[in-house]
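Me: I'd like to get to know this chain a bit at a time. Can we go through it as questions and answers?

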Amino acid sequence: MRQFFSALQSVLAAFFGVQSNHKRHADFKHHSPVSIIIIAIMLFIVFISSIYAIVVSVLST
């Protein structure tokens, strides 16, 4: 479970563009690229769904 949260933190940092080069290299040594890609895709879907819900909400009022 700790590795999941570590990978989640890495993906969130990458989304915001605040991840250091050293941390990125360390992440790929400790985490599978597949798990990072899956987490990134899930977070992207959540992000797009949130934007869509906000737009629909604003346009309906």
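What follows is a short chat about the overall fold first and some single residues after that.

Me: Before we start, what kind of model is this, and how are residues numbered?
Reply: Side-chain values here use heavy atoms, with hydrogens and water left out, and residues are numbered from 1 along each chain as its sequence is written. This is a predicted model, where local features need pLDDT of at least 70, side-chain atom pairs count only at pLDDT 80 or more, and totals for chains, interfaces and linings use all residues.

Me: Which element has the highest mean pLDDT, and which the lowest?
Reply: pLDDT is the predictor's confidence in each residue, from 0 to 100. The chain averages 89, and 100% of the residues score at least 70. Among the elements, the lowest mean is 82, for α2, and the highest is 94, for α3.

Me: In what order do the elements run from the N terminus?
Reply: Helices (H or I, at least four residues) and strands (E, at least two) are DSSP runs, numbered from the N terminus. The protein chain has 3 helices and 0 strands. From the N terminus on, that gives α-α-α.

Me: What is the radius of gyration of the chain, and is it compact or spread out?
Reply: The radius is taken over C-alpha atoms, and the globule rule is 2.2 Å times the number of residues to the power 0.38. For 61 residues that rule gives 10 Å, and the chain is well over that, so it is more spread out than a compact globule. The C-alpha trace spans about 50 × 20 × 15 Å along its principal axes. The radius of gyration itself is 15 Å.

Me: What share of the residues counts as buried?
Reply: Buried means under 20% relative accessible area, exposed over 50%, and partly exposed in between (1.4 Å probe, protein chains only). Out of the 61 residues, the buried share is 13%.

Me: Which residues does Ser 10 touch beyond four places in sequence?
Reply: Contact means heavy atoms within 4.5 Å. Leaving out residues up to four places away in sequence, Ser 10 touches Gln 19, Lys 23 and Asp 27.

Me: Which side chain makes a polar contact with the side chain of His 31?
Reply: His 31 sits in the loop between α2 (21-30) and α3 (33-60), and it is buried at 9% relative accessible area. A polar contact is a pair of N or O atoms within 3.5 Å; within protein, one must be able to donate a hydrogen and the other to accept it, and residues adjacent in sequence count only if both atoms are side-chain atoms. At 3.1 Å, the partner is Ser 6.

Me: What about His 30, is it buried or exposed?
Reply: His 30 is in helix α2, and a polar atom of its side chain lies 2.7 Å from the backbone oxygen of Ala 26. With 59% relative accessibility, His 30 counts as exposed.

Me: How are the rings of Phe 4 and Phe 5 arranged?
Reply: Rings of Phe, Tyr and Trp (its six-membered ring) pair if their centres lie within 6.5 Å; planes under 30 degrees apart count as stacked, over 60 as edge-to-face and the rest as tilted. Phe 4 is partly exposed at 37%, and Phe 5 is partly exposed at 47%. Their ring centres are 5.5 Å apart and their planes are at 65°, so the pair is edge-to-face.
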